[in-house]
Amino acid sequence: MSTQLDPLSLSADLLYTVKTEGDADPLREHLAALERSQLERALVDRERKLAFWLNCYNAYAQLLLEEEEPALFDGGLLDQWKFFARDQIPVSGVWLSLNDIEHGLLRSSKQPWGFGYLPRLFPSSFERQFRLAECDPRIHFALGHGAEHCPPIAVYSPRDVDEELDIAIEWFLEENVTYDPEADTATVPRLFRQYRGDFGGTRGIVRFLREYNAVPAETRPSLEYERVDHSAELDVDLEGDDIRADFSHD
């Protein structure tokens, strides 16, 4: 395991260490103490920002779930919401929440509600500096929450992040999308509805499904969204390689 102070190596090493149940504390301390100038030199393009923030999110999602699992299950929806909203991730001297990384840095300063159309108001200078220039909807298939079934969490590298994301998406869509050719209807997970604006609206969702061969290329199916199972508002799996925290949204 590398302990060099390069931010990209740190984020990858941290996630790998968490996945293999190693001692993550030294890497967490290095990540927290990074100079802002180091981060600026490292995150110079879309691929580096994408890989870095995906790794940071997934590492800390699992770490924090492990630390707070009993309280999270004993509490209600408000406690579960606070889990994602609370500032508890130190990066380069700044405290971030899981929501900050997902919605601020990876989704280019968008709200977690509003179907993906509403901007986050008054993003911090840190967020403005290090966020992705545009929202890449593929991140919804790479983060360790948001779906009843999600791909195993991968350690992303800047060089291969686009190909790695495509693999995760193909797996997810094959497992979670069904197409009825007689009715010309595709049944899709509710995350497509929740973040409809990220995909470019309903037409954008259909284009996305065609691009990844989830529906035939020549079709324009109507969409049906999976129903929410309210009996399991939070589903956390820490035994395998994947982390699931599935919140129901009407």
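**Exercise 1.** Is Asn213 buried or exposed?

*Solution.* The model is predicted, and the values below are computed from it. Start with the position: Asn213 belongs to the loop between H10 and S5. Next take the accessibility, which for Asn213 is 67% in relative terms. The cut-off for exposed is over 50%, so Asn213 counts as exposed.

**Exercise 2.** Classify Phe122 by accessibility and describe its backbone.

*Solution.* Phe122 sits in the loop between H6 and H7. Its relative accessible area is 79%. With exposed set at over 50%, Phe122 is therefore exposed. Its phi is positive, about 55 degrees, although Phe122 is not a glycine.

**Exercise 3.** How many residues of helix H6 are buried, and what phi does Ser108 take just after the helix?

*Solution.* Helix H6 covers residues 98-106. Nine of its nine residues are buried, and the helix is described as mostly covered. The buried residues include the charged-type names Asp100 and Glu102, and also Leu98, Ile101, Leu105 and Leu106. Asn99, His103 and Gly104 complete the list. Just after H6, Ser108 has a positive phi of about 60 degrees.

**Exercise 4.** Classify the ring pairs that Phe141 makes with Phe192 and Phe199.

*Solution.* A pair of aromatic rings is described by the distance of the centres and the angle of the planes. The search of the whole structure gives 12 aromatic pairs.

Step 1. For Phe141 and Phe192 the ring centres are 5.8 Å apart and the planes stand at 50 degrees. Planes under 30 degrees apart count as stacked and those over 60 as edge-to-face, so this pair is tilted. The pair links distant parts of the chain, 51 residues apart: Phe141 is in the loop between H7 (125-130) and H8 (161-176), and Phe192 is in helix H9 (residues 191-194).

Step 2. For Phe141 and Phe199 the centres are 6.2 Å apart and the planes are at 70 degrees, so the pair is edge-to-face.

Step 3. Check burial, for which the cut-off is under 20%. Phe141 has a relative accessible area of 3% and is buried. Phe192 is buried at 0%, and Phe199 is buried at 8%.

Step 4. Widen the view: ring pairs join Phe141, Phe172, Phe192, Phe199, Phe208 and Tyr212 into a cluster.

**Exercise 5.** Which residue lies over the face of Phe115, and at what distance from the ring centre?

*Solution.* Arg196 lies over the face of Phe115. The distance from the ring centre is 4.7 Å.

**Exercise 6.** Which residues line the second largest pocket, and which element gives the largest share?

*Solution.* The second largest pocket holds about 150 Å³ of space. Its lining consists of Thr202, Arg203, Val206, Arg207, Arg210, Arg220, Pro221, Ser222 and Leu223. Two elements give two or more residues each, helix H10 (201-211) and strand S5 (222-225). H10 gives the largest share, five residues. By type, the lining divides into four charged, three nonpolar and two polar residues.

**Exercise 7.** Where do Pro90 and Pro189 lie, and are they buried or exposed?

*Solution.* Pro90 is in strand S1 (residues 89-91). With a relative accessible area of 16%, Pro90 is buried. Pro90 and Glu29 are 61 residues apart in sequence, yet their C-alpha atoms are 8.4 Å apart.

Pro189 is in the loop between strand S4 (185-188) and H9. At 6% relative accessibility, Pro189 is also buried. From Pro189 to Asn176 the sequence separation is 13 residues and the C-alpha to C-alpha distance is 6.7 Å.

Note on methods. Residues are numbered from 1 along each chain as its sequence is written. This is a predicted model: local features need pLDDT of at least 70, side-chain atom pairs count only at pLDDT 80 or more; totals for chains, interfaces and linings use all residues. Side-chain values use heavy atoms; hydrogens and water are left out. On a 1 Å grid over the protein atoms alone, a cavity is a set of points where a 1.4 Å probe fits but cannot get out, and a pocket is an open set with protein on both sides within 12 Å along at least five of seven lines; lining residues have an atom within 4 Å of a point. Grid points are joined across faces, edges and corners, and a volume is the space filled by probe spheres set on the points. Helices (H or I, at least four residues) and strands (E, at least two) are DSSP runs, numbered from the N terminus. Rings of Phe, Tyr and Trp (its six-membered ring) pair if their centres lie within 6.5 Å; planes under 30 degrees apart count as stacked, over 60 as edge-to-face and the rest as tilted. Buried means under 20% relative accessible area, exposed over 50%, partly exposed in between (1.4 Å probe, protein chains only). A charge sits over a ring if NZ of Lys or CZ of Arg is within 6 Å of the ring centre and within 35 degrees of the ring normal.
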